Amino acid sequence: MGSSPPPQYFGRQRSLHDILGGGNVADVILWRRRSVTISILLGTVAAWVIFQMSGYTFLSFVSNVLLLLLSILFVWAKAAGLLNRPPPPIPKLQLSEAVIKTAADSVYSHVNMVLSATYKLALGKDTNLFYRVAGCLWLISFVGGLTDFLTLGYTGLVAVLTIPVLYEKNESYVERYVNIACMELRHRYESYTKHLNKVKNWISEKKEKLG
């Protein structure tokens, strides 16, 4: 009887394309629309180089672009009124009540989830959650100390457009090493839990003797 296949990680019961949504975004990430993906990568690299060389910050760049755009539209509208010409063809900008309600429900759900997790952490009710949150915060702090936010954003975009397609092309190798890493982590976690339980038992015994 042959050995059972190794477990699949990253939700691999479905194809990677389906996990990423199965639409145009998934096509771009997995290089199914190669010209679009290459254009995004080249545009991202060019923008990063321009920002680094010019000294512009993202906020100042966006503010200047918006100022220029609003100035052009304002002058266009005023000139059109004086010359009896049609105003700029801009649609009415308004959110429907249904869209706002959907967004509010989504924010409400996520905020309550964060508050619930914070409550559990503050009272020490979820040790595993504490370690996960602490690890994420430490990682963010570590990465933030190495680079600025704009560079991190560019790096993240490049990673999104390269890592999934590399994983798809080398799935068997990745799964093999992930299995090995998970087994090692599980072993270390069990060892840590065993030692932690010993410490707790030792503390309990000391308290009983002192009591």
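Predicted model: local features only at pLDDT ≥ 70, side-chain atom pairs only at ≥ 80, totals over all residues.
User: Which residue forms a salt bridge with glutamate 168?
Analyst: The closest N and O atoms of this salt bridge are 2.8 Å apart, and a salt bridge requires such atoms to lie within 4 Å. Glutamate 168 belongs to helix 8 (residues 163–169), while its partner lies in the loop between helix 2 (24–29) and helix 3, so the pair ties together parts that are 136 residues apart in sequence. The partner is partly exposed, with a relative accessible area of 45%, and it is arginine 32.

User: How many salt bridges does a search of the whole structure find?
Analyst: Besides the pair of arginine 32 and glutamate 168, there is a salt bridge between aspartate 105 and lysine 101, with the closest N and O atoms 3.3 Å apart. Another joins the side chains of arginine 188 and glutamate 184, at 3.0 Å from N to O. For the whole structure, the search gives 3 salt bridges.

User: Which helix holds both aspartate 105 and lysine 101?
Analyst: Aspartate 105 is partly exposed at 42% relative accessibility, whereas lysine 101 is exposed, with a relative accessible area of 53%. The two residues are 4 residues apart, about one turn of the helix, and both lie in helix 5 (residues 97–122).

User: What is the relative accessibility of arginine 188, which forms a salt bridge with glutamate 184?
Analyst: Arginine 188 and glutamate 184 are 4 residues apart in helix 9, and are therefore separated by about one helical turn. Glutamate 184 is partly exposed, with a relative accessible area of 38%. Arginine 188 counts as exposed, because exposed means over 50% and its relative accessibility is 55%.

User: Are the rings of tyrosine 131 and tyrosine 192 stacked or edge-to-face?
Analyst: Tyrosine 131 in helix 6 (residues 127–146) and tyrosine 192 in helix 9 (residues 171–210) are 61 residues apart, and the pair links distant parts of the chain. Their ring centres are 6.1 Å apart and their planes stand at 80°. Planes over 60 degrees apart count as edge-to-face, so this pair of tyrosine 131 and tyrosine 192 is edge-to-face.

User: What is the angle between the ring planes of tryptophan 138 and phenylalanine 142?
Analyst: Both residues lie in helix 6, where they are 4 residues apart, about one turn of the helix. Tryptophan 138 is exposed, with a relative accessible area of 55%, while phenylalanine 142 is partly exposed at 45%. Their rings are 5.4 Å apart from centre to centre and form a stacked pair, with an angle between the planes of 10°.

User: What is the distance between the end C-alpha atoms of helix 4?
Analyst: Helix 4 (residues 58–82) has 25 residues, and at 1.5 Å a residue it should span 36 Å. The distance between the end C-alpha atoms agrees with that expectation, being 36 Å.

User: How exposed is methionine 53, a member of a nonpolar patch on the surface?
Analyst: Methionine 53 is found in helix 3 (residues 34–54). Together with Val45, Trp48 and Val49 it forms a nonpolar patch on the surface, with about 380 Å² of accessible area together. Methionine 53 counts as exposed, with a relative accessibility of 71%.

Note on methods:
Residues numbered from 1 in each chain as written. Heavy atoms only, no water. Patch = residues over 30% accessible without salt bridge, like charges linked within 9 Å, V, L, I, M, F, W, Y side chains within 5 Å. Areas by Shrake-Rupley, 256 points an atom, 1.4 Å probe, with all protein chains shown as cover. Buried < 20%, exposed > 50% of the residue type's maximum accessible area, 1.4 Å probe, protein only. Phe/Tyr/Trp six-rings, centres within 6.5 Å; stacked < 30°, edge-to-face > 60°. Expected span 1.5 Å × (residues − 1).
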